[in-house]
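Thanks for coming, everyone; please bring the structure up on your screens, and I will talk through the core and then the charged pairs.

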Amino acid sequence: MRKIGVGLTVGIISAAIPAVAFAEDVFKPSHASVPATMLATALTVIMAALFIIVAVLLGVRAGGVDDGPGRIWPVFLLTAVLAVMLRVIAALAFEGYSTDIACFKSWALSVYETGLPNFYQSVSFCDYPPGYMYVLYGLGFLQSFFSIDVNSALFTLIVKLPSIIAEVVLALIVCRIAAKEAGRTFGLLCGAMVLFNPAMFFNSSVWGQVEAVLILFAVLCIYCLRKGNFWLGALFYGLALLLKPQAIMLAPVVGLAYIYELFIKKDRIERAILQMIGGAAIAAVVFAAGVIPFTGTQPPDWVLHKYIGVIEEYQFATVNAFNLYGLMGANWVEADKPLLFMSYQYWGLMFIVLICAAVAILQWRSRSQRALFDVSGFLVLSVYMFSHAMHERYMLPACAMLLMAYVFTRDMTTLTFAVAFSITALFAQIFTLYADTVMVDAVPMLVISAANMGLYLIYAILTIRKLGSGTVLIKSPALNG
């Protein structure tokens, strides 16, 4: 593990130096100044180094005994303060991906000024569902109340704050769960893995995207299902689906968790049926409650067309996703173009069907809900690597799922892949944001896609062997008592 940590750290720094040195040629999508680009890159390297150090410490601690009761929150608070300070500096210094930041600012102002019912009819473009518009409504209120300059760095920071807050909340949750599993030191280190994750840091504080908010609700959903709290899990899944359409990727795992309860609890089948019906009802009510205020004079099925439109908006083999199609040189190639005897779109759909079948088998073979984070990570990574229309950021939820899987299994292989995919996810975002145009250069696309596919093939073989055996490495003390 130490060798892996040192190697990854050297790799990050080696890649970051040329990124800074040639910043004048690679900052166009962000429109950032050269000093801002250099500062953002330097802060990202610091985050990555801290991330590797924490991962190595977890590796050193592997197999250690529980360190007993104690107060962990003062140490966690200091760690969180450091992580937030670095995020705030990056968010203030670096505007982010100009198009995304401009959209968030415009939507925040519009949804506050026009009101929820009129928002989608008043804006010329909005490819986000209603969930995140509630957050932007609050940001629009702050901008209006304090008369904040829309073009100021302060308002850019405010736009990035929801993701930063979500990361801290997620780290707190991971820390608490891990501390219950294996002691306070283990909990602090796992929480720090979230706080110092360079891919998440870059996504929220440098880029300005909101994957962290989706990840927070997705992790809460899977955690509740793992504990057997199916109604609360449905609530969190409804919220995740309201936030971003990418939550649909987890639908197979979530749905199968309810279905398999019918077979796992044969003596309580009535309860399993009630959980299934109640879960579907709760998710539907949460979703409807979030959608109805935005309906206005639109037809009742407007939100269905919104989601379909978002899904169909980027019909390309890959949209800067460093996956199989990136390796084949098909970045930004139309999805209806032929690849052998089928189009990229049909290849993607075929792979989705095969992946769902594999997930169904693995989830059934695990014979319990204890492997849900393992299965979720496998699902997200598989869809990212083989489905069409993937973006560079869509791999991030898998990094969180793998970390949570490690929390419950203490499997060093799982931790190693959580670290490795976090690093490749970081590189994917760096080369996308620092590219000359919206399209990533061919060389980094080829190299990182090859690394991703190589890592994935090893990961998939090991994961299928582990989950297919019907065993989980370490039984959770929390579930024992």
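In this model, which is a predicted one, the largest nonpolar core has 162 residues, and among these Met133 and Phe421 touch the most other members. The element that gives the most to this core is helix α11, residues 211–227, with 14 residues. If you centre the view on Met133 and set aside its neighbours within four places in sequence, you will find it in contact with Trp107, Val111, Phe119, Tyr120, Cys126, Tyr128 and Phe294.

Now to the charged side chains, where the count of salt bridges comes to 7. One of them joins Glu181 to Arg410, with the closest N and O atoms 3.6 Å apart. Glu181 sits in helix α8 and Arg410 in the loop between α19 and α20, so this pair ties together parts that are 229 residues apart in sequence. Glu181 counts as buried, at 5% relative accessibility, whereas Arg410 is partly exposed, at 22%.

Another salt bridge pairs Arg393 with Glu211, at 3.2 Å between the closest N and O atoms. Because Arg393 lies in the loop between β4 and α19 while Glu211 belongs to helix α11, the pair connects parts 182 residues apart in sequence. Arg393 is buried, with a relative accessibility of 8%, and Glu211 is buried as well, at 2%. These two residues also take part in a network of salt bridges that includes Lys244 and Glu392.

Finally, Asp411 and Lys466 meet in a salt bridge at 3.3 Å, N to O, which links the loop between α19 and α20 to helix α21, the two residues being 55 apart. Both Asp411 and Lys466 are buried.

Notes: Residues numbered from 1 in each chain as written. Predicted model: local features only at pLDDT ≥ 70, side-chain atom pairs only at ≥ 80, totals over all residues. Heavy atoms only, no water. Core = buried A, V, L, I, M, F, W, Y, C linked by side-chain atoms within 4.5 Å. Buried < 20%, exposed > 50% of the residue type's maximum accessible area, 1.4 Å probe, protein only. Helix = DSSP H or I, 4+ residues; strand = E, 2+ residues; numbered from the N terminus. Contact = heavy atoms within 4.5 Å. Salt bridge = Lys/Arg side-chain N within 4 Å of Asp/Glu carboxyl O.
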